[in-house]
Amino acid sequence: MRMPQLNRIAAALSVAGCVTLLSIAAPTAYAQTISTAAGTGAAGSTGDGAAATAATLNRPIGVLVRADGSVLVAESSGNRVRKIDAAGVISTFAGNGTPGYTASAASATAATLQGPTGLAEDSLGNVYIGSLGSIQKVDASGALSTVAGNGIQANLGDGGAASDPAVRVDRPLSMRMDSSNNLFFADYNACVVRKISTANIISRVAGTGTCGSNGDGVAVTAHLNLPSGVFVNTDGTLLIGDGANNRVRKITVGGNITTIAGTGAATSSGDGGLATAATLTFPVGIHKDAAGNILVAELDGNRVRQIAPDGKISTVVGQPTVPAGTAGAATNLGDGGAPNSATATIYNPAAFAQDRAGNLYITSFRGNKVRKITFTTPPGPSVFKSFANTITAALGSISPEGEQTVPYGGTVKVTVTAKPRHLLRVASNCDYVKTSQPIAFVPNGTGTDTFNVTVNGPCQMEATFTPLIPTVNVNSEAAANALFTTTERTDKYAPPTAPAQTSGIVGKPVTFKAWVTDIAGVPYASDTNVITFKANGVAISGCVNVPLTLRGSNVLHIREANCVATFSPAGNVTITSEFAGDTYNFPATSAVLNHSVVAQ
């Protein structure tokens, strides 16, 4: 069963693109038009430098809308990744057309690719390409390198570094990056879904490596059958196009798998009813919009189905009344009309991508085209709401605040002001462009961040402000102790027990520690901050001008001095310290002002 399916679809597809704020299945709310974005329908890989609609494509599968708005298309039989720019001009992004595996190359266009299919982009603008036996990366300079695999198809190395020479991948048909830059991919022939973490560890997320269908349950013990699509939800759950099982399945964060569409029968029926009672014909590409609608590309059904949030399924592109393989099914018709009209058809839909305006791109695998659904009437309303988190609103403000209606695609200039020495975090499902500081942090003394928000539909922006230090008085020994004990692990801090230490420390190594908190919350150079430890007022040898180093894991920017000394004072000894002071926070002092000393 595996090889006939593989030969029939040649290389299922990739899921890629931006989440939109619009739903495709709302024809009464706004008009949609289907058209051809690239390809003439003839199989080939020609036309660079001219209009993409006049170019030829060779079995396009993966499609990706990049952050810069350009569209990438993976030609599985053309052994290239093509690029369509904002003007509609096509060029070659990677691959020279010769099938093969190139481990690295200074220019991706000089490298060989072997049946590229999956496409993804991380937050740094690196593009990932899944090909037979490998996943490769093209960086901002255009250079190509290998992320995993060596061109030999296999399923090996889970639990180790993805870059380990022993790691093998089979056929990463569909790839998707989550918000933390973890890469998920459907390894088609291996019948598994795998993950490459930001720590470069490759692991199995679903499937056993044996193709089949043994039902739902624990994802890593369940069987998949030629998984062809993957989508990462914002909550961390995954949607899987389980191709030869004719189902769409969901994997929870806890690792359980369930079926959300399809009965397993290889037909295409059930519109108007629950998706779990409907049938699908080799579902591959998976996409989800911000309204919660799930789009499914039925490769062999020659249509796009939609699963609404209420679980009901419908056909939104293609004709459910035209059986697969009959006249009208294996075509790409209807350009200029509505995608769900009686004349619109789509041939072997494979993958989805959406741009920021909500336009949807769909690859037509055997049709050798990329189709595009354009929103000709702006969906509405375009509502923008901004607010400061009520818990922390007293620490800053966001302007304009509240709800407002703006023209579709309009821009709102947002200014967020935080009190000095506070972190600012902004959470949003809007598209925004920075015009000033990095959005994650308002530096001490600045306090203001400004950026432009493009509103393409209902969206909101929330600002949260967090103090860099607790609002306690640290100008006393008791307050300093309270500060340290609430912010440091207990095994890293012991408060002073008494001003006098017993003679039990005679002849034994003693560790002297002191801490200073930077009230400004900014780490200053440690060579300007030193502490001298004294016993009965006399500097201890080896503990003079001990530099303070930053505890990097602590947001309070606590600086620490450590030294070890062995000495033999007579009788009781009082341990004190002297802080040399700095020009930023504190004057020189020998008291316990905002620091403490412990002999251990």
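## Two sulfur links

A disulfide here is a pair of cysteine sulfur atoms within 2.5 Å. This is a predicted model, and by that rule the count comes to two disulfides.

Let's start with the pair of cysteine 543 and cysteine 563, whose sulfurs sit 2.1 Å apart. The torsion about their S-S bond is about 110°, so this disulfide is right-handed. The pair links distant parts of the chain, 20 residues apart: cysteine 543 is in the loop between strand S37 (538–539) and strand S38 (546–547), while cysteine 563 is in strand S40 (residues 558–566). How much of each partner is accessible? For cysteine 543 the relative accessible area is 0%, so this residue is buried. Cysteine 563 has a relative accessible area of 7%, and with the cut-off for buried at under 20%, cysteine 563 is buried too.

The link of cysteine 191 and cysteine 211 is right-handed, with 90° about the S-S bond. Cysteine 191 lies in the loop between strand S11 (183–187) and strand S12 (192–196), and cysteine 211 in the loop between strand S13 (202–206) and strand S14 (217–218), so the link ties together parts that are 20 residues apart in sequence.

Buried or exposed, or something in between? Cysteine 191 is buried, at 0% relative accessible area. Cysteine 211, on the other hand, comes out at 22% relative accessibility and counts as partly exposed, since partly exposed covers the range between buried, under 20%, and exposed, over 50%.

What does the side chain of arginine 371 reach at 3.1 Å? That would be the backbone oxygen of leucine 333. The arginine 371 side chain also makes a polar contact with the side chain of aspartate 335, at 3.0 Å. Leaving out residues up to four places away in sequence, arginine 371 touches a set of residues that includes Ile34, Ser35, Thr36 and Ala37, as well as Thr345, Ile346, Leu360, Tyr361 and Ile362. Leu333 and Asp335 are among the residues touched, and so is Asn332.

## Serine 131

Serine 131 has its place in strand S7 (residues 127–131). At 1% relative accessibility, serine 131 counts as buried. Setting aside residues up to four places away in sequence, serine 131 touches Leu113, Gln114, Gly115 and Pro116, along with Gln136, Asp170, Arg171 and Pro172.

## A two-faced strand

Strand S27 (residues 396–399) has a covered face made of Gly396 and Ile398, and an uncovered one made of Ser397 and Ser399. S27 pairs with strand S29 (residues 410–418) in the antiparallel sense, over four bridges. Which residue of S29 is the bridge partner of serine 399? It is threonine 415.

## The whole chain

Zooming out, the secondary structure comes to two helices and 42 strands. Of the 600 residues of the protein, 51% count as buried. Among contacts between residues at least 6 apart in sequence, 54% join residues at least 24 apart.

As for the surface, the accessible area of the protein comes to about 23400 Å², and 55% of that belongs to carbon and sulfur atoms.

Technical notes
Residues numbered from 1 in each chain as written. Predicted model: local features only at pLDDT ≥ 70, side-chain atom pairs only at ≥ 80, totals over all residues. Heavy atoms only, no water. Buried < 20%, exposed > 50% of the residue type's maximum accessible area, 1.4 Å probe, protein only. Polar contact = N/O pair within 3.5 Å; in protein donor to acceptor, adjacent residues only side chain to side chain. Contact = heavy atoms within 4.5 Å. Pairing = 2+ DSSP bridges. Areas by Shrake-Rupley, 256 points an atom, 1.4 Å probe, with all protein chains shown as cover.
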